[in-house]
Amino acid sequence: MKKSILLLILLPLWMTQMTAQTLAEDPDSKKFGYKNSQGTWQIAPRYQRAFEFQGFNRKYAVVKYDNLWGCIDDKGNMVVRNIFATQEEAEAAALQWQEAGEPGKWLYPAMNPANRAWGFVNYYGQWKFQPQYQGAGKYHGEEPMNYAAVKFDDRWGCIDGKGILIINNVFSSMEDAEAAGEQWVAGMHYETWRMPASNPTTGMYGVVNYLGRWVLKATFEYIERFGSDNNHAYTQAKMEGRWGNIDRYGNTISQFIFHTKADAADALRQMEHGRLITDWRLPVQHPTSKSWGWVDYEGNWVIQPTFQEATHFTGDTGHFATAKKNGYWASIDNEGYLISQHVFIMTDEAWTAGHEWDSRQELGHWQFPVRDTLTKQWGYVNYKGRWSIRPTLEGAMQFYGTDNNRFAPAKREGKWGCIDHTGRFVVPYIFNTSADAYEQGRKWAGKNKF
């Protein structure tokens, strides 16, 4: 009797050891299968890829067969057909099988290899919606408000869990269609949600609502996505090569005059922040004359386009910018008046001059090396672009330091020395390089700080 009881106890243990599956690769075929604890093939090696078994009562393993993914049970039966393009999709279907979920409650996009059309299957791989689409995405949401993006006639839309088209196929990407589907589920902005879409015939852009219905005709070259942070109120649009801003109804907020989408967006931010038109400027090139000027956020000229180049108004106050004319830069205030003359070679120098003016610094405290266009000699100007040290030098570099012991390397009679802020040589011009003169200038400044 005791012997029989012992056999009954050992038998399940022995059977478990014999049927335990361990993932293994066949060295000859390079295929994967599963062996029992005795090292014998329990499930023959016929899979291109395979993973370990998972689960408890209903065990499964994800495998790749004929270049597609599916799942097998611990006896080698294909419980999830190999129809999936990715391991993750097959595993998601296997989880439904493991939970004994209702076949068809969850559907999965799959491609028919015969005609390369897409449809939807249950986890057994049985077609629930026949393959008729050019593309298909995963289902999102819960019944009855679940949806999946599908592509036909080269455009994306969405179907619900019954295969009914709920969002028209007007979108150029699956992501845009899914964004509309998300809105269909959420139902937060039925009347205000907007998405740009292009007309497949003309290539022009318009605006659709969450059902994929046109609310603004496709008459624009491009439309940027509406921002959800402002309840889809407005966005940037492009027409005749220029950018402007429109609201959700197609009304023009700022004229189509901006060169870049970023400039149009900057103009829109000014409006959102309530900044006055008279306080804000944006550099714009005139489409006909190609000269530069500045406009307000409505696109109206406030500083006429008469410059070769122009920069954004900047600094803490936004009251000055730089402008180029006849090959030289100057700083300009927000009324269009010159702060400095057009004497600077680089825009950075003109910007520094504007910053001096904007921060009400002492006139002449900062001096800038400038070459006289007539004599070809170098001198220094203040931030107004007026000579503070006459142009009598063969070469000149920027001043170093901020106190009255500031100095600048300068060249005369073929040699370099250093001058102070009055133009007096404090380091004799006896050096072959400006770098050597600069080192001596540093020593002089260290001894003469006052």
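Author: K30 is exposed, because its relative accessible area is 53%; exposed means over 50%, buried under 20%, and partly exposed in between, with a 1.4 Å probe and protein chains only. K30 lies in the loop between β1 (22-25) and β2 (32-35). Strands here are DSSP runs of E with at least two residues, helices are runs of H or I with at least four, and both are numbered from the N terminus. The phi of K30 is positive, near 60°, and K30 is a residue other than glycine.

This is a predicted model, in which local features need pLDDT of at least 70 and side-chain atom pairs count only at pLDDT 80 or more, while totals for chains, interfaces and linings use all residues. Residues are numbered from 1 along each chain as its sequence is written, and side-chain values use heavy atoms, with hydrogens and water left out.

K376 also has a positive phi, about 65°, and is not a glycine. Its loop runs between β28 (368-371) and β29 (378-381). K376 is partly exposed, with a relative accessible area of 44%.

Another loop holds P144, between β11 (135-142) and β12 (145-152). The peptide bond that joins E143 and P144 is cis. Its omega is about 0°.

Now to residues inside strands. P283 sits in strand β22, residues 282-285. P283 is buried, as its relative accessible area is 5%. Leaving aside residues up to four places away in sequence, P283 touches D263, W292, G293, W294, A310, T311 and H312. A contact means heavy atoms within 4.5 Å. Y60 is 223 residues from P283 along the chain, and the C-alpha atoms of the two are separated by 65 Å.

F171 belongs to strand β14, residues 165-171. F171 counts as buried, at 0% relative accessibility. Beyond residues up to four places away in sequence, its contacts include R155, W156, D176, A177 and A180. M195, V208, N209 and G212 are also touched by F171. N199 is 28 residues from F171 in sequence, and the C-alpha atoms of the pair are 9.2 Å apart.

Two cysteines are worth a look as well. C71 is buried, with a relative accessible area of 0%. C418 is buried too, at 0% relative accessibility. A disulfide is a covalent bond between the sulfur atoms of two cysteines. The structure holds zero disulfides, counted as pairs of cysteine sulfur atoms within 2.5 Å.

Last, the whole protein. It has six helices and 34 strands. The radius of gyration is 37 Å, well over the 22 Å that the globule rule gives for 450 residues, so the protein is more spread out than a compact globule. That radius is taken over C-alpha atoms, and the rule is 2.2 Å times the number of residues to the power 0.38. Along the principal axes, the C-alpha trace spans about 120 × 60 × 40 Å. Of the 450 residues, 45% count as buried. Among contacts with a separation of 6 or more, 27% come from residues 24 or more positions apart. The protein exposes about 24,000 Å², with 50% of it supplied by carbon and sulfur atoms.

Conventions. Accessible areas come from the Shrake-Rupley method with a 1.4 Å probe; for residues, only the protein chains shown count as cover.
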